[in-house]
Amino acid sequence: MSLIDTAQAWHDQDPDETTRAELATLILAAQTGDAQGVAELGRRFGARLEFGTAGLRGELGAGSNRMNRVLVAQAAAGFAAYLLEKHAGPGTPSVVVGYDGRHNSAVFARDTAELMAGAGVRAILLPRMLPTPVLAFAVRHLDVSAGVMVTASHNPARDNGYKVYLGGLDHGSQIVAPADAEIAAHIARVAADGNVLELPRSADFELAGEDVVDEYVRRTAALGSATKTPVRVVYTAMHGVGWEVARRVFTAAGFAEPTVVEAQIEPDAAFPTVDFPNPEEPGALDLAFATATEVGADLVIANDPDADRLAIAVPDADGGWRRLSGNDVGSLLGWRAAERLAASDEEGTLASSLVSSPALAAIATEYRRDYVETLTGFKWISRAGGLAFGYEEALGYLVDPQKVRDKDGISAAVDFLSLVSELAERGVSLADHELAFAEKFGAFASSQISLRVDDLDDIQRLMSRLRDEPPATVGSLRVDHIDDFTGGFGSFPPGDILRFVLDGGARIIVRPSGTEPKLKVYIDASSTDGTAEERRERAASVVAELDAAMRDLLA
């Protein structure tokens, strides 16, 4: 079938007037020999958005290489076929579907519910746009076979995505291999069979009650421990869906209502105040900092648009604001989790991704608890046996694994706010607490380099260069050895990851991003020599040197 014929067949089954008209214009341009039209059709249909362990994520638009109603219909029907094939018990398989405030999220979610119901799967649609952690909670709370969350998390406004969870023995975690390939095979068969307009649909799906949200709020608020000492908080939802639920949780936990960043508090799919709605991006928290300065806040709390991530900032010594890194927050919450385990005399595992700081392993050692290092992503962290706490450096934290098996920026916010409140009650600042951490466990410093590219081939060229011409030194530090995960490493499966271990124990990990066109570099160093301040200065100095050297190396 020619490119134009392929595009025409897609056009004829597209139920969306906007993308159908968009595609008709491109087809006409290609038919008249317009080179740009032909090239654009090639970009739209020369590949297909690949379904994997992250589900689907991509730019909105017409074509097999974009997020649209045809692609979502194929994904929903393929996932339904997978659930029906795997279902072994009585009755029928079941799925709960959630969605955020992005363009087409509600449409994609309703399409999914109708197609699941039409295929014979019991489908439950959440009552309105809600955070991803509520959907992840609902998979366990409703005891369903699977969950679908329509979100692109912190991606740019032009993107959307399709995140998949499994219940049963997977306990509500995101999919991993081989489920991803098996679902993808079913989706491919649906796509090959023809017109999605001919797939059976049914409006006979269920609408979840408010009790699901109420129970999430109740159980999350139970993590909180407000004290009599007030903590002045500024909160931003980053134009996402976090505020409604977060507000209820803060109130139920006994905390005063935060001051909000008005320009970012309501869902807005255009994300008008930020280039990238990711709290990690430079400038993303500028409005939050301005608001916090204006009201004299003690703490800034930011959720990303689907509220599965958390960013924290505190006043610095110069009157500005210091954003804590994901490793900073993860280490402090990990220490808090270890203290809880010790107080209850319970067993429990601490887990983090291999690109996260080694600090959590040091905490686990000090408290004689198991520690598990996983591949990146909460689909792996959430599967650690006996999990009590897990985190990844990309602002993802899981403080209550009995409730949800995915990162949860709202429960983590309550836990961190509780920590700050308890410290304030004792007259201890967060900076003092960080020094106490360095005294007890050693000082850990980290940095990250994200190289965004326009051409994905650039990432592979850089990875190949590092493999073919590995550096003998980075800055003044000798490379002791390099771990290449291409063929698997230890208990880890094959992956495009390089880990450079340097003299003195510092390390550098390089890998392509799994969700964005970026090459990511993670740098870590630690010190146990001298006072807490000296330890922190030494670790930070090593990281700064390695960061500068890696930027030069990759330039």
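The mean positions of the 51 positive and 82 negative charges of the protein chain lie 2 Å apart. Here Lys and Arg count as positive and Asp and Glu as negative, with His and the chain ends not counted; each charge is placed at NZ of Lys, CZ of Arg, CG of Asp or CD of Glu. The structure is a predicted model, in which local features need pLDDT of at least 70 and side-chain atom pairs count only at pLDDT 80 or more, while totals for chains, interfaces and linings use all residues. Residues are numbered from 1 along each chain as its sequence is written, and side-chain values use heavy atoms, with hydrogens and water left out.

Turning to the overall fold, the protein chain has 17 helices and 22 strands (DSSP runs numbered from the N terminus: H or I of at least four residues for helices, E of at least two for strands). The radius of gyration is 24 Å, close to the 24 Å that the globule rule gives for 555 residues, so the chain is as compact as a globular protein of that length. This radius is taken over C-alpha atoms, and the rule is 2.2 Å times the number of residues to the power 0.38. Along its principal axes, the C-alpha trace spans about 70 × 55 × 50 Å. Of the contacts with a separation of 6 or more, 68% join residues 24 or more positions apart, a contact being heavy atoms within 4.5 Å.

Buried residues make up 55% of the 555 residues (buried means under 20% relative accessible area, exposed over 50%, and partly exposed in between, with a 1.4 Å probe and protein chains only). The chain exposes about 22,000 Å², and carbon and sulfur atoms supply 50% of that area; the areas come from the Shrake-Rupley method with a 1.4 Å probe, and for residues only the protein chains shown count as cover.

Leu 417 is found in helix α14 and, at 3% relative accessibility, counts as buried. Beyond its neighbours within four places in sequence, Leu 417 touches Val 231, Val 233, Phe 250, Phe 255, Leu 299 and Ile 301. Leu 417 and Phe 250 are 167 residues apart in sequence, yet their C-alpha atoms are 9.1 Å apart.

The loop between β6 (173-174) and α7 (179-193) holds Ile 175, which is buried at 0% relative accessibility.

Most residues other than glycine have a negative phi, and most peptide bonds are trans. Asn 104, in the loop between β2 (94-99) and α5 (105-119), has a positive phi near 70 degrees and is partly exposed at 28% relative accessibility. Asp 345 has a positive phi of about 55 degrees; this residue sits in the loop between α11 (326-344) and β13 (349-353) and is exposed, at 67% relative accessibility.
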